[in-house]
Protein chains: 2
Amino acid sequence: MQALEQLKKELRVIANLHGAASLLHWDQETYMPAGGGDARAEQIALLESLAHERLVGDGIKAPLRDVVNIGNGEPNKDLSDESQRFVREIWKDYHRAAALPGEFVEELSKTTSRAQQVWAESRKENDYIKFSPWLEKIIQLKNKEIEYLGQKGSPYDTLLDFYEPGMTSVEITRLFGEVRDRLVPLVQKIKNSKVNTGQEILKQKYDADRQWEFGLSVLKDMGYDMNYGRQDRSAHPFTINFHPTDVRITTRIDENEFLSGFSSTVHEGGHALYEQGLGADWFGTPFGEAISFGIHESQSRLWENLVGLSKPFWKHYYPKLQSLFPENLKDVPLDQFYKAINTIKPTFIRVDADEATYNLHIMLRFEMEKLIINEGLPVSELPRMWDDKMEEYLGIRPDTNANGVLQDVHWSFGGFGYFPTYALGNLYNVPIMNQARKEISGLEDQLAHGKLLGLQGWLKTKVHEVGRRKTASELILDLTGSPLSASPFMDYLENKFSEIYNL
Amino acid sequence: MQALEQLKKELRVIANLHGAASLLHWDQETYMPAGGGDARAEQIALLESLAHERLVGDGIKAPLRDVVNIGNGEPNKDLSDESQRFVREIWKDYHRAAALPGEFVEELSKTTSRAQQVWAESRKENDYIKFSPWLEKIIQLKNKEIEYLGQKGSPYDTLLDFYEPGMTSVEITRLFGEVRDRLVPLVQKIKNSKVNTGQEILKQKYDADRQWEFGLSVLKDMGYDMNYGRQDRSAHPFTINFHPTDVRITTRIDENEFLSGFSSTVHEGGHALYEQGLGADWFGTPFGEAISFGIHESQSRLWENLVGLSKPFWKHYYPKLQSLFPENLKDVPLDQFYKAINTIKPTFIRVDADEATYNLHIMLRFEMEKLIINEGLPVSELPRMWDDKMEEYLGIRPDTNANGVLQDVHWSFGGFGYFPTYALGNLYNVPIMNQARKEISGLEDQLAHGKLLGLQGWLKTKVHEVGRRKTASELILDLTGSPLSASPFMDYLENKFSEIYNL
């Protein structure tokens with residue numbers, strides 16, 4: 001099919017423009033001299049706008065017309081099932097870009113660009129009023145965007161679809177409800193437990209270079225291919241890819257705390273394995289792209305939590321860690337270390353949260369986002385609602401807006417619909433891991449011997465290489481034989497923490 | 001003038017595409033994981049081809065038609081003198097790009113890309129026969145390029161004009177003749193001198209980190225603004241710029257030799273000052289670009305040789321260097337160190353050559369390039385001619401082709417006309433420096449106190465900010481009141497080395 005080849009070729013060009021922009025962004029966060037920011041912003045904006053122009057241009061539109069109904073994305077029936085899927089996904093990307101007028105895209109881009117700066121200042125100064133008009137403007141623009149794109153289910157579902165295609169807020173509400181009903185009592189029980197996990201052993205001086213070395217050795221064991229990747233330092237850890245043969249991560253090391261640097265390294269490593277595992281032959285096309293933000297997050301959290309905070313993992317790695325940090329750990333038994341890294345404690349800040357309470361941080365954002373987008377909840381009411389929900393779910397009330405409603409960047413870039421994918425990642429990753437245990441004989445034993453490549457290879461075949469041939473829900477159903485449910489995740493949490501906290 | 005504004009705006013877009021491509025290139029040479037090369041080549045080629053398309057597209061052509069005769073570049077007479085210059089220079093770039101058919105550009109690009117790989121293998125294997133057919137093909141293509149572009153003076157002058165606009169091979173032949181007539185006997189006299197400069201003190205172990213630290217401190221003193229630049233390591237040192245607010249250098253440190261790392265750091269620093277000193281308001285236009293390769297080289301060599309190998313400079317920096325490397329230098333007096341770093345000794349390899357014999361390496365390449373392009377000298381005769389000329393000028397005969405005709409990459413990328421600019425840089429920099437001495441009172445004294453910013457500021461105003469408002473020859477004439485001549489450079493060499501070698 002000539003049209004399909006044309007589409008593949010043009011999408012590859014577009015992906016190369018995005019890839020170049022991404023390298024410029026990576027450089028900005030790692031090595032760029034401080035004064036280079038203005039010129040850099042101009043270069044990135046240029047590349048992104050060229051990519052956008054091509055996505056809505058005739059190079060895509062003309063061949064697309066040959067294979068789909070350009071009005072609604074319905075594929076020609078003479079295409080194979082796989083090709084129908086392929087062109088429908090391309091049409092979705094095309095349609096989303098083409099439905100938005102150029103001036104609107106520019107206004108949104110300029111507004112959110114400025115709003116991110118204002119947000120950073122507002123958080124620093126703990127000044128919600130300063131940020132409010134920008135947030136109002138962004139909400140207006142997002143409502144306009146929903147109008148252009150058309151409403152799916154509820155208005156909020158249109159935004160959700162950017163990040164988690166096919167997912168609905170009804171479904172998330174059901175899933176998160178299950179989680180909340182079991183998690184709030186679990187956290188409460190942990191709070192009342194007499195067990196002291198001895199977290200303070202993690203809060204000593206851990207030499208940064210040795211932390212780095214340890215993290216790198218784990219990344220390599222995980223199968224992160226350094227021939228096609230690298231790790232650098234940045235203020236905020238991230239994974240970025242320019243092609244499956246060049247997928248980079250950054251991390252942040254805190255010399256006075258062990259867990260945050262280690263967790264972020266393994267977390268980003270999980271994201272990177274996904275990007276390295278995508279099919280290079282399909283580069284730039286939907287089949288060479290991650291399924292969704294939630295599935296991406298499932299891969300990072302599977303490694304960070306299900307592996308990186310597990311007993312088998314540390315059975316192998318703890319002696320290595322002890323030998324790197326004898327001054328901190330030589331007299332600490334494995335069991336005590338395992339408890340320390342698995343401390344559950346409600347905190348104000350999402351990115352510092354443990355694997356249990358993390359989900360409650362997400363739920364409150366999801367509930368508020370729905371109210372903001374679907375019900376027009378006024379911006380002025382957000383701080384109080386935030387604090388009330390924190391108290392309801394986590395039993396603590398933020399001392400400041402900086403530690404509350406102002407803590408996250410996402411709303412300032414217009415990312416309504418993004419947050420839920422963080423918790424969905426947790427819900428996806430337990431059934432995926434359970435399935436891996438069924439299909440890989442002796443997986444626990446492999447993990448307990450530092451042999452991580454069995455798991456990585458299985459994930460590559462079963463998850464990474466799938467690309468956008470399936471939605472997240474389809475993937476979970478096909479892989480596990482059951483539709484997505486919150487039970488496996490909650491079973492996992494209850495089992496794990498009942499043991500640790502003697503519940 | 002609306003046409004001028006349109007041109008400025010579109011040229012800025014083109015420059016941003018080149019700038020993005022340059023960052024991708026920088027990354028490739030510094031941090032890119034080894035396996036990312038193929039994808040990277042595709043991305044760079046895409047950005048360069050988009051830049052080319054825009055340069056020959058209507059965004060340039062339409063406004064250019066309003067201000068010049070598009071056939072010959074003659075500017076409208078109602079423009080100011082400066083604007084006439086401006087549009088004529090734009091037309092030159094446009095014309096050079098537009099005159100070459102797309103298929104030709106692609107063939108040249110593919111051939112030279114592959115030829116560079118073959119050259120690297122050929123040099124490694126000392127196999128000139130392997131490289132020969134590629135060199136022949138490239139020479140054919142360069143002749144075709146001359147046909148497309150039209151001949152100026154001799155065919156070779158067309159190629160020279162890429163690198164040194166306005167310069168002719170007749171003029172270079174005259175200048176290089178002057179140099180040769182005085183330099184060959186000077187080098188011969190030095191060879192016969194009884195003076196031992198004690199070069200071996202430089203060939204001890206010098207800790208790489210401390211070399212780096214010393215180089216950085218000199219760069220900062222030179223006025224290289226680290227807010228708009230940075231230094232990294234790479235296999236071959238280079239300077240690269242994405243905008244005057246982001247100009248980076250790389251260097252290479254040899255832990256068993258001091259001078260090469262230091263010289264390359266200061267050399268690239270000189271290039272970087274030029275790029276940081278260009279007028280940011282004119283970014284992307286001829287007035288925001290370096291005059292020529294030769295003037296660029298004059299700036300690097302002025303710092304590397306006229307400053308970095310001078311007595312006043314080391315009067316200030318030598319005690320610092322001694323305190324960094326007491327194990328090597330604490331018993332070595334300044335005068336002895338000064339002699340060691342100014343050792344003149346014929347060698348096979350251009351990039352290792354001292355500041356005197358370097359020019360003889362260039363001359364032999366220039367003479368051969370003229371014969372190749374203007375007279376059709378067969379590729380099979382190059383090795384013998386190379387070796388004969390080395391013997392004639394430098395008194396040594398290369399032991400292998402790898403150490404002779406195969407040593408430099410330039411011909412493999414089609415860079416005929418590039419080499420002479422290296423020696424022109426030397427010829428330009430002495431009159432420039434002599435003029436600086438006249439205009440900056442107490443310059444020697446400043447240098448002897450590590451105060452390098454007076455010189456840097458003067459160069460910025462007098463050379464860097466000029467951009468392509470002048471040709472190299474015009475710049476030298478306007479700055480010094482005299483046309484370019486080889487005498488100042490030869491006077492400098494004879495004076496300096498007569499003293500060092502007691503001639």
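## Close-up views of a predicted two-chain model

View 1. Helix H1 of chain A, made of residues 2–30, lies across the strands S1, S2 and S3 of chain A. Against S2(A), this helix runs at about 145°. Please keep in mind, here and in every view below, that this is a predicted model. The sheet under discussion is an open one, built from three strands of chain A in the order S1-S3-S2. Its pairing is mixed. Which strands sit at the edges? They are S1 (229–233) and S2 (239–243) of chain A, each of which pairs on one side only. From one strand to the next, the twist averages 20°.

**View 2. The hairpin between S2(A) and S3(A).** Here we zoom in on two strands of that sheet. Two residues make the link in the hairpin that joins S2(A) to S3(A). S3(A) covers residues 246–251, and four bridges join this strand to S2(A). In which direction do the two strands run relative to each other, parallel or antiparallel? S2(A) and S3(A) run antiparallel. You can follow the pairing residue by residue: His243(A) stands opposite Asp246(A) in S3(A), while Thr239(A) has Ile249(A) as its bridge partner in S3(A). Is S2(A) mostly covered or mostly open? S2(A) is mostly covered, with five of its five residues buried.

**View 3. Two copies around an axis.** Now step back to see chain A and chain B together. Two copies of a chain are related by a rotation about an axis and a shift along it. In this model, a rotation of 180° superposes chain B on chain A, with 0.0 Å of shift along the axis and an RMSD of 0.0 Å. That is the relation of a two-fold axis. Which residue of chain B comes closest to the rotation axis? The answer is Ala20(B), whose C-alpha is at 3.6 Å from the axis.

**View 4. The surface where the chains meet.** Chain B gives 28 residues to the contact, and chain A gives 28 residues as well. Four elements of chain B supply two or more residues each to the side that touches chain A: helix H1 (2–30), helix H2 (37–55), strand S1 (229–233) and strand S2 (239–243). The largest share of that side of chain B comes from H1(B), which provides seven residues. Sorted by class, the side of chain B that touches chain A has 14 nonpolar, nine polar and five charged residues. Why can we say that the copies meet through the same surface? Because 100% of the interface residues of chain B are also interface residues in chain A.

**View 5. Chain A as a whole.** This view sets the close-ups in context. Chain A contains 21 helices and three strands. Its C-alpha trace spans about 70 × 50 × 50 Å along the principal axes. A compact globule of 503 residues would have a radius of gyration near 23 Å, and chain A agrees, with 23 Å. Of the 503 residues in chain A, 44% count as buried. Among the contacts in chain A between residues at least 6 apart in sequence, 71% join residues at least 24 apart.

**View 6. Asp78(A) in a loop.** Asp78(A) lies in the loop of chain A between helix H3 (58–67) and helix H4 (81–98). Is Asp78(A) buried or exposed? Asp78(A) is exposed, because 9 other C-beta atoms lie within 10 Å, and a residue with 12 or fewer counts as exposed. Val67(A) is eleven residues away from Asp78(A) in sequence, and the two are 9.1 Å apart in space, C-alpha to C-alpha.

**View 7. Two asparagines with a positive phi.** Asn502(A) is not a glycine, yet its phi is positive, at about 50°. This residue is found in the segment after helix H21 (487–500) of chain A. With 9 C-beta neighbours inside 10 Å, Asn502(A) counts as exposed. In chain B, Asn126(B) also has a positive phi, near 50°. Asn126(B) is placed in the loop between helix H5 (102–125) and helix H6 (128–149) of chain B. How many other C-beta atoms lie within 10 Å of Asn126(B)? There are 14, so Asn126(B) is partly exposed.

Conventions: Residues numbered from 1 in each chain as written. Chains lettered and ligands numbered in written order. Predicted model: local features only at pLDDT ≥ 70, side-chain atom pairs only at ≥ 80, totals over all residues. Least-squares fit on C-alpha atoms with pLDDT ≥ 70 in both. Contact = placed C-beta atoms within 7 Å. Pairing = 2+ DSSP bridges. Axes fitted to C-alpha atoms, helices over the stretch in contact; angles between N-to-C directions. Nonpolar A, V, L, I, M, F, W, Y, C, P; charged D, E, K, R; others polar. Rg over C-alpha atoms; globule rule 2.2 N^0.38 Å. Buried ≥ 20, exposed ≤ 12 C-beta atoms within 10 Å, placed from the backbone.
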